[in-house]
Amino acid sequence: MLILITYDVSTTSAEGKKRLQKVSKKCLDYGQRVQNSVFECILDSTQLRQIKYQLENIINKETDSLRFYNLGDKYKSKVEHIGARESYDSEGTLFL
């Protein structure tokens, strides 16, 4: 299923900047960045629980936020892209 993960991490402190980097790196482990704080991830239910748990343990719940949008398995008809940097087909063939 396609999960859209968005986050807002307060970077007014050095700790916040470190959290932002950790959140970004963790999201990269599971998907592709499509905008600064937005990732598209193809996940199964176990992977979704894992990344939620991992991200919850990184953020400060008083100053930061996470959002998970479940677009399901039939997401291709739900996503429209306009503009630069067309996203990749995560289920397509990769050429090296």
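Visitor: What makes the strands an open sheet, and in which order do they stand?

Guide: In this predicted model, 4 strands are arranged as β2-β3-β1-β4, with antiparallel pairing. β2 (32-35) and β4 (65-72) each have a single partner strand, so one side of each lacks a neighbour in the sheet. Direction ignored, neighbouring strands are turned by 25 degrees against each other on average.

Visitor: How do you know that β2 pairs with β3?

Guide: Two strands count as paired if DSSP finds at least two bridges between them. β2 and β3 (residues 38-42) are joined by 3 bridges and run antiparallel, so they meet that criterion. Arg33 stands opposite Phe39 in β3.

Visitor: What makes helix α1 a helix that packs on the sheet?

Guide: Contact requires heavy atoms within 4.5 Å. Helix α1 (residues 14-30) touches β1 (2-8), β2 and β3, and its direction makes about 30 degrees with that of β3. Helix α2 (residues 45-56) lies across β1, β3 and β4, and runs at about 170 degrees to β4.

Visitor: Why is a set of residues here called a nonpolar core?

Guide: The term covers buried residues of listed types, Ile, Tyr, Val, Cys and Leu among them, joined through side-chain atoms within 4.5 Å. The largest such core has 16 residues, of which Ile5, Tyr7, Val23, Cys27, Leu43, Ile51 and Leu55 touch the most other members. At least two residues of this core come from each of β1, α1, β3 and α2.

Visitor: Which residues is Ile51 in contact with, leaving aside neighbours within four places in sequence?

Guide: Ile51 is in contact with Ile5, Lys26, Cys27, Tyr30, Leu43 and Phe68, those neighbours left aside.

Terms used: Residues are numbered from 1 along each chain as its sequence is written. This is a predicted model: local features need pLDDT of at least 70, side-chain atom pairs count only at pLDDT 80 or more; totals for chains, interfaces and linings use all residues. Side-chain values use heavy atoms; hydrogens and water are left out. Axes are lines fitted to C-alpha atoms, for helices over the stretch in contact, and angles run from 0 to 180 degrees between N-to-C directions. Buried means under 20% relative accessible area, exposed over 50%, partly exposed in between (1.4 Å probe, protein chains only).
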